[in-house]
Amino acid sequence: MQPGSAAYGLVEDGAVALRGGRIEAVGPRGTVGAGLPERDLGGRLVTPALIDCHTHLVFGGDRAREFEMRLLGASYEEVARAGGGIVSTVRATRAAGEAELLAAALRRADALIAEGVATLEVKSGYGLDRDTELRVLRVARAVGRARPVRVRTTFLGAHAVPDGMDADAYIDTVCIPTLRAAAAEGLVDAVDGFCEGIAFSVSQIRRVFAAARALGLPVKLHAEQLSNLGGAAMAAREFAALSADHLEYLDADGIAALAAAGTVAVMLPGAFYALRETQAPPIAGLRAAGVPMAVATDCNPGTSPLTSLLLAMNMACTCFRMTPEEALAGATREAARALGLDDAGVIAPGRRADLAVWDVAHPAELSYRMGYNPLSRRIFGGEA
């Protein structure tokens, strides 16, 4: 997956040398790995292990009833304003203990691991109070201890306004103090927010991001999903955000801001599909500006109950007109960038030995098939 003259950076009849959990060398067979024991993979395709860079994996309950409501004509905003949406998951998550949350999260993580995922991001945001937000982040860390997968945690306290609270008061008296507590406990790798009319304004998110900067934490943002508030441009220009995610309503100014800052545009076709949206992100504009594009599941209980990164790649191609090469890069190289990782996402010397071995003849098959898992084996830290 190194950019270059060959599509996908594909090495025909290649070999990868691993040592000590790292990639030592990669190239044509016979040119690398002298003296190391050999394992024949039968001519299968080897890619970097997949990376799911945007999930809400830890939550209580489900929102199947809201799925029915939307099919009967209710909009996302109507569901939210009727007491559904994020707030309904908050109630279920607050009522669940750590063991219950972990058991449910592991089932979702197992589905992703079974498709070749070796790194995943997990956001909080379904607690909206100090105790539950911290509990969700502890569970997210526990997923990485319970399974052979690397977990990056993101504090998403600015996800929704709790019932009975003013948005500004919530930001100042709950969200930011909880962020500081989570950082003090070592539970946070990055900070996120939801910048929308039904969530938080640009100025409110700016206050959260200023607190993140004071703690030395990078930021990312749910932006321009339902409208264009200019959140992505703010996050990129003012905070050099790792990523801006969704982006269906991103405009030319937002594209320019992402390009200048090197901010990754994370495509979330699962939510686009589940909400039956009609305005797709400006893929052509992002491509023309050289903005890196990642692809993720957005696994969550309401708007993207998706635990298949392979299907997300297919949706990115079918719904958004990304190419299969862009989709695979989006679930490997660019997903690593979206998480601020420089040791994963490509097969190159010094990177982690996180690899996926596939029963396919060509990389495009990974985005072409639907409901089919061609994974032969997953190698995590050099161990199959």
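Tyr170 is buried, with a relative accessible area of 1% (buried means under 20%, exposed over 50% and partly exposed in between, using a 1.4 Å probe and protein chains only). Phe200 is buried as well, at a relative accessible area of 0%. The model is predicted, so local features need pLDDT of at least 70 and side-chain atom pairs count only at pLDDT 80 or more, while totals for chains, interfaces and linings use all residues. Residues are numbered from 1 along each chain as its sequence is written, and side-chain values use heavy atoms, leaving out hydrogens and water.

Aromatic pairs come next. The structure holds four of them; rings of Phe, Tyr and Trp (its six-membered ring) pair if their centres lie within 6.5 Å, and planes under 30 degrees apart count as stacked, over 60 as edge-to-face and the rest as tilted. One of the four joins Phe59 and Tyr126 edge-to-face, with 6.2 Å centre to centre and 75° between the planes. Phe59 sits in the loop between strand 4 (50-52) and helix 1 (64-71), and Tyr126 in the loop between strand 5 (117-123) and helix 5 (130-146), so this pair links distant parts of the chain, 67 residues apart (helices, H or I with at least four residues, and strands, E with at least two, are DSSP runs numbered from the N terminus). Both Phe59 and Tyr126 are buried. Tyr170 and Phe200 form a stacked pair, 6.0 Å centre to centre with 25° between the planes.

Charges also meet rings here. The charged end of Arg108 sits over the ring of Phe59, 3.5 Å from its centre (NZ of Lys or CZ of Arg must be within 6 Å of the ring centre and within 35 degrees of the ring normal). Likewise, the charged end of Arg352 sits over the ring of Phe380, 5.1 Å from its centre.
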